[in-house]
Amino acid sequence: MKSFNSLLVSFFLLFYTTNAFNITHILGKYPDFSTFNNYLTQTQLAAAINSRQTITILAVDNAGISPLSGKPADELKKILSVHVVLDYFDDQKLKKLSKKTSLLTTLFQSSGQATGQQGFVNVTNLSTGSVVFGSGVKGSALGANLVKSVDAEPYNISVLQISTVIIPPGIDGSTANSSTNSTAKSPQASPAPGPASVPPTKSPKKSPPTAAPQPSEAAPPPNATADSPAKGDADVPTADAPAKDDKKSAGVALSLGVFVVLVIAVSTSFIGLVF
């Protein structure tokens, strides 16, 4: 029985040792990642990585690690933990993403300190065949390119080199302030093009109404008013109508007078004949 227990313990120890890995030793084989490796040790992330069974490290070489220079230890740990993906991905698996893009859960998400999508990494397989990474925060740029596979122990640990550091917006106070300042400036920038584009371009459009076409349209009203005097002239004969009435009345009076004279003459001659 004791021999069986000893054999069982030996089996589990053998299983553990064959599946265990040491990220410090792995990166120690590649001098180009010495700074990244030292950061993992300083922030105690190396121990957290070694305690995992399946993990992917997005490592940045010494040439691309400069954005982390001078960062406080706490902020440095948060940023580096974003580069630790809690699943196994090699370059072949990344290039065969079913939806061409995916959000990968990182060690920072499991820490409980992430807000929003800060604890996720966006990986996208471009149509050109390139694979790019960026923060999972909405609107973040996919600025880190997959360079190559550095090391791998299949389905346990994969170390991939990316071109630059992934820093999620708002992961520290200064980054959050700078992002809010940039978004505050954008509305100020938007009004600027407004007046520049709308009024100046529309002012030439207002000038054509004041140009020749509308004065030409204004010309007809004077002509219309010029025609009204002609109508006034047409009304002049109606003003002469009283003169015609006077002539008619004069003719009637003259005729009446002649008639009276004739009546008198006839009466006189008749009286003469009688007497």
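I start with helix α5, residues 73–81, where E75, L76, K78, I79, L80 and S81 are buried. Buried here means under 20% relative accessible area, exposed means over 50%, and partly exposed is in between, with a 1.4 Å probe and protein chains only. Helices (H or I, at least four residues) and strands (E, at least two) are DSSP runs, numbered from the N terminus.

Before going on, the conventions. This is a predicted model, in which local features need pLDDT of at least 70 and side-chain atom pairs count only at pLDDT 80 or more, while totals for chains, interfaces and linings use all residues. Residues are numbered from 1 along each chain as its sequence is written, and side-chain values use heavy atoms, with hydrogens and water left out.

What do the buried residues of α5 pack against? The partners are α3 (34–42), α4 (45–50), β2 (84–85) and α7 (107–110), where contact means heavy atoms within 4.5 Å.

Take α3 next. Its buried residues are F36, N37, Y39 and L40. These residues lie on the same side of α3, because they cover an arc of only 160° around the axis; the arc is that of the directions from the helix axis to the C-beta atoms. As background, an α-helix has 3.6 residues a turn, so residues three or four places apart point the same way. The cover over the buried residues of α3 includes α2 (23–28), α4, β1 and α5. Just after α3, Q44 has a positive phi of about 65°.

Now the sheet. Seven strands make an open sheet with mixed pairing, in the order β2-β1-β7-β6-β5-β4-β3; two strands pair if DSSP finds at least two bridges between them. β2 and β3 (101–105) are at the edges with a single partner strand each, so one side of each has no neighbour in the sheet. β1 (residues 55–59) and β2 run antiparallel and are joined by two bridges. I57 stands opposite V84 in β2.

Back to α7, which contains Q109. Is Q109 buried or partly exposed? Q109 counts as partly exposed, because its relative accessibility is 28%. Leaving aside neighbours within four places in sequence, Q109 is in contact with A114, G119 and F120. Q109 and L86 are 23 residues apart along the chain, and their C-alpha atoms are separated by 9.6 Å.

Last, the chain as a whole. It has 11 helices and seven strands, and 27% of its 275 residues count as buried. Among contacts between residues at least 6 apart in sequence, 59% join residues at least 24 apart.
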